[in-house]
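Try each task yourself before you read the solution.

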Amino acid sequence: MATDPVLPIPISYISGSYYLFSIDAVTYLRREHHICGVLIGTLPQIPQQNVFLAMPLQLMPEEARLLVDKGVACIVDEIKAHKDGMTSIMEVDRKRYLRNLEAEGLQAMRLQNRRKEQLREEALKNLDAKKAAKASKKAAQKQAVADNAVGDDPALELFAGGEQAQDAGPQRPTPSETAMAVTPATSYPPMPSRPASDQVLPSPEVPSSYPLFAHLHSKGYFLSPGLRFGCQYLAYPGDPLRFHSHFLVVSAEWDEEINLMDIIAGGRLGTGVKKGFLVGGAEQTGPGAEDSVRTFSVEWAGM
């Protein structure tokens, strides 16, 4: 069962991107703060995996900035944190951690072998049941032949020989005690879970669409990247696992001139995929004043 993480949650900054490696942090942020991100992890054995991805979770800069502004998370230089953490780990702690990983691997291997043994026993039981049914059917056929005084049927003997050849069940291999390789999802432990002050980075740089992103998020919308629909964001009224998106969101500057054809194309696209086309941006009210966000929804009537 997932537990709520200790705040602020460290967001790993690696090569210009923001990642979360803790499943507890991912579930907490999705449940409490409407932050979904994008799962990007794949399995080495399935290089073409593209439907159900796994950890880590990659965050948009807007999502990371929003969490930092709310005091829920902090940005950590992951490379520096690992370099500093590896030098601070005592040798005895490292060996204890490796022994724990090996114990987990042995337990996982034993559970897998136990499951294989159960499946093998079930298969053998099914095979015995099929053999008993075939033997009963064959005995009935022989009795029918004897009753009709037809004589021995060569075909029955042929099939009987084939069944005898198929009755040889698989040999049961001895379960291996080799520990299964376990790759931890996070570096904590053995590294300290709280980043040092010199490892914490400033707030992420965000595009000019951030005020619109923060405004829609404050209204309860779940926001995700909108590249597949040709927009900046997709706005969902609830968790994307339960709802379809309601708006294709595009940001614009307050004094930016918008081509009428772009509005028409966006409105037609939104209507074609049963969504509204939403344009918005921050209203510049003057120096020293807080900017408010205005949004406009374009929809085709009669569709």
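**Exercise 1.** Is Ser 209 buried or exposed? Then find where Ser 209 sits and what its side chain touches.

*Solution.* Keep in mind that this is a predicted model.
- Step 1: Look at the accessibility. Ser 209 has a relative accessibility of 2%, and buried means under 20%, so Ser 209 counts as buried.
- Step 2: Ser 209 belongs to the loop between β6 (200-201) and α6 (210-218).
- Step 3: Check the side chain. A polar contact of 2.6 Å links it to the side chain of Tyr 233.

**Exercise 2.** Work out which parts of the chain the salt bridge between Arg 30 and Asp 239 ties together.

*Solution.* 
- Step 1: Find the pair. In the salt bridge between Arg 30 and Asp 239, the closest N and O atoms are 2.8 Å apart.
- Step 2: Locate both ends. Arg 30 is part of helix α1 (residues 23-33), while Asp 239 is in the loop between β8 (233-236) and β9, so the pair ties together parts that are 209 residues apart in sequence.
- Step 3: Arg 30, at 23% relative accessibility, counts as partly exposed, whereas Asp 239, at 18%, counts as buried.

**Exercise 3.** How many residues apart are Asp 84 and Lys 80, and in which helix do they lie?

*Solution.* 
- Step 1: Start with the distance. Asp 84 and Lys 80 form a salt bridge with their closest N and O atoms 3.4 Å apart.
- Step 2: Count along the chain. Both are in helix α3 (residues 78-88), four residues apart, which is about one turn of the helix.
- Step 3: Recall the helix rule. An α-helix has 3.6 residues a turn, so residues three or four places apart point the same way.
- Step 4: Asp 84 is partly exposed at 29% relative accessibility, and Lys 80 is partly exposed with a relative accessible area of 29%.

**Exercise 4.** Which residues form a negative surface patch, and where is Glu 257 placed?

*Solution.* 
- Step 1: List the members. The negative surface patch consists of Glu 253, Asp 255, Glu 256 and Glu 257.
- Step 2: Zoom in on one of them. Glu 257 is in the loop between β9 (247-251) and α7 (260-272).
- Step 3: Judge its exposure. Glu 257 has 78% relative accessibility, and exposed means over 50%, so Glu 257 counts as exposed.

Methods:
Residues numbered from 1 in each chain as written. Predicted model: local features only at pLDDT ≥ 70, side-chain atom pairs only at ≥ 80, totals over all residues. Heavy atoms only, no water. Patch = residues over 30% accessible without salt bridge, like charges linked within 9 Å, V, L, I, M, F, W, Y side chains within 5 Å. Areas by Shrake-Rupley, 256 points an atom, 1.4 Å probe, with all protein chains shown as cover. Salt bridge = Lys/Arg side-chain N within 4 Å of Asp/Glu carboxyl O. Lys, Arg positive; Asp, Glu negative; His and termini not counted. Charge placed at Lys NZ, Arg CZ, Asp CG, Glu CD. Helix = DSSP H or I, 4+ residues; strand = E, 2+ residues; numbered from the N terminus. Buried < 20%, exposed > 50% of the residue type's maximum accessible area, 1.4 Å probe, protein only. Polar contact = N/O pair within 3.5 Å; in protein donor to acceptor, adjacent residues only side chain to side chain.
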